[in-house]
Amino acid sequence: MPGMQEIKRRIKSVDSTKKITKAMELVATSKLRKTRNQLEELKPYYSTVRQTVGEILESNKGLDDSAFLKVNQEGKTVYIVISSSLGLCGGYNANVIKTVSNLIDNDNCVYTIGTKIERYMKRTGGDYVDTYADLNTTLDFDTVIKMVDSLCQQYKNKEIESIKIVYTEFINNLTFTPRVVTLLPVDTSEFEDIQVSNKYTLFEPTPGAVLDALIPQYMQGLIYGYLVESVTSENASRRTSMENATDNAVELTDQLLLKYNQARQTAITNEISEIVAGANAQ
């Protein structure tokens with residue numbers, strides 16, 4: 001059994017760790033509350049935008065006036081991958097990287113959001129763009145607009161075959177699932193669950209012009225929504241991890257206190273035995 005001084009040092013060390021994990025849990029809880037409120041305000045918007053675009057495309061099947069509806073046969077597949085820039089968030093980053101590793105190859109290009117996925121791409125030597133790496137901390141909508149403008153232009157120039165996004169869906173405070181969504185070309189089969197109102201749509205000046213203006217806005221709304229959803233999942237994952245770490249620290253402290261008391265009792269018993277033995281010898 002370790003000595004009393006050693007046990008006291010370990011108790012002090014665990015206690016210090018517990019204070020840090022508790023502080024991180026409180027910070028993550030505060031951030032989670034903020035991003036959840038943001039997500040609840042945003043989700044109706046980007047869900048409605050998706051439904052509106054789906055309705056237009058579904059009620060005008062066969063429409064291919066827009067460059068965004070045509071399938072490019074050349075160019076790379078671009079993946080926009082959202083990870084975190086900080087650690088200590090459980091399996092959040094591991095799940096994203098596992099999903100990505102099963103998807104991408106040397107012919108793809110990855111737009112990294114978050115330093116964790118950026119480091120992964122550096123390690124594997126894949127093609128990646130890190131211009132938007134800090135977007136998960138700034139949540140700057142203007143940067144999302146710039147990214148979408150750049151990607152849409154490349155798609156129109158047929159430099160990109162398709163654009164997909166890998167994000168983490170927030171289901172509740174304990175459940176988060178990585179998802180892959182195709183942004184371009186717009187696949188009308190993904191909108192089969194949408195009820196079409198069968199209203200005749202009159203496009204002015206032309207269907208192509210309307211969709212060329214609408215689809216980039218649709219992408220901006222979706223990417224920003226998925227970004228906020230991923231950050232919410234990250235904060236929820238970190239809060240759960242820090243809560244578990246704090247609980248483990250409390251449990252370990254209790255075990256060490258029990259060992260300390262046992263060691264102290266043994267020392268007292270030995271001391272009393274020595275005193276009694278000394279008295280008997282006299």
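This is a predicted model: local features need pLDDT of at least 70, side-chain atom pairs count only at pLDDT 80 or more; totals for chains, interfaces and linings use all residues.
# Working through a sheet and its helices

Residues are numbered from 1 along each chain as its sequence is written, and side-chain values use heavy atoms, with hydrogens and water left out.

**Exercise 1.** Work out the strand order of the open sheet and find its edge strands.

*Solution.* 
- Step 1: get the strands, which are DSSP runs of E with at least two residues, just as helices are runs of H or I with at least four, all numbered from the N terminus.
- Step 2: pair them up, where pairing takes at least two DSSP bridges between two strands.
- Step 3: read off the order, β3-β2-β1-β4-β5, for five strands with mixed pairing.
- Step 4: look for strands that pair on one side only, and you land on β3 (127-129) and β5 (175-184) as the edges.

**Exercise 2.** Describe how β4 pairs with β5.

*Solution.* 
- Step 1: recall that strands of a sheet pair through backbone hydrogen bonds, either parallel or antiparallel.
- Step 2: β4 (residues 160-172) and β5 go the antiparallel way, over nine bridges.
- Step 3: the link between β4 and β5 is a hairpin through two residues.
- Step 4: for another pair to click on, V166 stands opposite V180 in β5.

**Exercise 3.** Classify the packing of α1 against α6 by angle and handedness.

*Solution.* 
- Step 1: the axes of α1 (residues 4-58) and α6 come within 5 Å and cross at roughly 160 degrees.
- Step 2: that makes the two helices roughly antiparallel, given that angles under 35 degrees count as roughly parallel, over 145 as roughly antiparallel, 65 to 115 as roughly perpendicular and the rest as oblique.
- Step 3: the crossing of α1 and α6 is left-handed, meaning the near helix is turned anticlockwise from the far one by less than a right angle, with clockwise giving right-handed.
- Step 4: α6 (residues 207-281) also lies across β1 (76-82), β2 (109-113), β4 and β5, at about 40 degrees to β4.

**Exercise 4.** Do the angle and handedness for α2 and α3, then list the residues that meet.

*Solution.* 
- Step 1: the axes of α2 (residues 92-101) and α3 (residues 115-124) come within 10 Å and cross at roughly 40 degrees.
- Step 2: α2 and α3 are therefore oblique to each other.
- Step 3: the crossing is right-handed.
- Step 4: with contact taken as heavy atoms within 4.5 Å, N93, I97, V100 and S101 in α2 meet K116, I117 and Y120 in α3.

**Exercise 5.** Are I117 and S237 buried or exposed?

*Solution.* 
- Step 1: set the cut-offs, with buried under 20% relative accessible area, exposed over 50% and partly exposed in between (1.4 Å probe, protein chains only).
- Step 2: I117, in α3, is buried at 0% relative accessibility.
- Step 3: leaving aside neighbours within four places in sequence, I117 is in contact with V81, S83, I97, V100 and T112.
- Step 4: S237, in α6, is buried at 6%.
- Step 5: not counting residues up to four places away in sequence, S237 touches C89, G90, G91, Y92 and F176.

Key:
Axes are lines fitted to C-alpha atoms, for helices over the stretch in contact, and angles run from 0 to 180 degrees between N-to-C directions.
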